[in-house]
Amino acid sequence: MKILGIESSCDETAVAVVDDGTTILSNVVASSMELHAKYGGVIPEIAARSHIEAIIPVIDSALLTANTSWSDIDGIAVTYGAGLSGSLLIGVLTARTLAIIKRKPLYSINHVEAHVYANFLTSTPLNRYVLREKSPLFPLLALIVSGGHTQLVLFKNHGNHKILGKTQDDAIGEAFDKVAKIIGLAYPGGPSIANLAKSGNSSAYVFPKAKMTNSYDFSFSGLKTAVLRLAQEQIGEDFNFPSKNIADRLSEPQKANIAASFQRIAIETVVDKTVLAYREFQPASVVIAGGVAANQELRRQLTDRLPTEIEYTDPKLCTDNGAMVGCLGCFQAIDHRDQADAYSLRVEPSLSM
Ligand code: KG4
Ligand code: ZN
């Protein structure tokens, strides 16, 4: 069962060939990140235009690397939401066209759910991947932490899940990106904060953890504001001082201490809730998914605090990629799930799980 997975929900044009939901035959990612970096965030029009330029060469490259021709492809899986509408459109229209021309079944994929499926990939002939040894077992508790989403989801089986809680405002990745901007670090902020935090003292500053009515819900906007207020205070200014002028006045040790203290609390917040959910629901496995799952501090805290073993996938499979989409597509095909209509599949920018 070979599925071509196409992902274009944000700034990555990503295509992979996945076999049987376990094996990555190719995983090609072209990112327009560099074009957005100077603006400090993704510019939707630039992302959409970059997808148009990249998508056909990336598909060709994924087929070539997988040593696969169209006749060997059993289906096409494509992300149809959530994401930026212009970006999603390029992937979906390309997938629809190919499904019609090449006469392949089409599977519509939820981006957030696909992130979880990066954990099912356990083998590859490709170099430079460190995958999990085993696929996770059900019931499965998933902590999904990305730039657009933060949620705890309990999967009873493939396609059968319940959201335990989710963010009521910012996503955790968004908080990393915003804090990075305040202290003058490069976009995307997650890796920049993680890197600088290594030289900082994570107990230098005390930031608050949000208290929620549903203990599995999240909130990160208060933490981001607490960082802003502390940074203003550190340079001797009040809350009216513009955030874009703060970074120049902070010393390198102050920036490193803010990065480390923020990261510790943000990560502790999601780990607290994951441990709580593990105790309540006793799942057979726990997985982390989404861009922030690449964070080493998250992996360290979870390994320390979860009363069960947890395996992690390659950080390259945590950020947006085609392999996770191809993987979920394989399971949909294997389960004979409804195919999407290649003549009418629409994008759903606000799709939730
Ligand atoms: O899953 P993803 O690639 O895109 C979305 O679906 O949102 O996640 C991107 C997010 C960004 O906010 C980025 O700053 C964050 O993941 N991120 C990280 C790390 N690598 C990426 N956050 C913390 N630590 C990292 N190492
Ligand atoms: Zn994502």
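**Exercise 1. In which sense do strand β7 and strand β8 pair, and over how many bridges?**

Before we start: this is a predicted model, so to speak, with local features needing pLDDT of at least 70 and side-chain atom pairs counting only at pLDDT 80 or more, while totals for chains, interfaces and linings use all residues. Residues are numbered from 1 along each chain as written, chains are lettered from A and ligands numbered from 1 in written order, and side-chain values use heavy atoms, leaving out hydrogens and water.

*Solution.* 
- Step 1: find the strands, β7 at residues 150-157 and β8 at residues 160-166; strands are DSSP runs of E, at least two residues, and helices are runs of H or I, at least four, numbered from the N terminus.
- Step 2: the two pair in the antiparallel sense over 6 bridges (pairing takes at least two DSSP bridges).
- Step 3: F155 stands opposite H161 in β8.
- Step 4: the strands form a hairpin with 2 residues between them, and G159 in the turn has a positive phi of about 75°.

**Exercise 2. Work out what holds an oxygen atom of ligand 1 within polar-contact range (N or O pairs within 3.5 Å).**

*Solution.* 
- Step 1: look at the side chains. A polar atom of H115 lies 3.0 Å from a ligand 1 oxygen, and for an N or O atom of D177 the distance is 2.7 Å.
- Step 2: check the cover. The protein hides 87% of the 550 Å² of accessible area that ligand 1 has on its own (Shrake-Rupley, 1.4 Å probe).

Note on methods:
A polar contact is a pair of N or O atoms within 3.5 Å; within protein, one must be able to donate a hydrogen and the other to accept it, and residues adjacent in sequence count only if both atoms are side-chain atoms.
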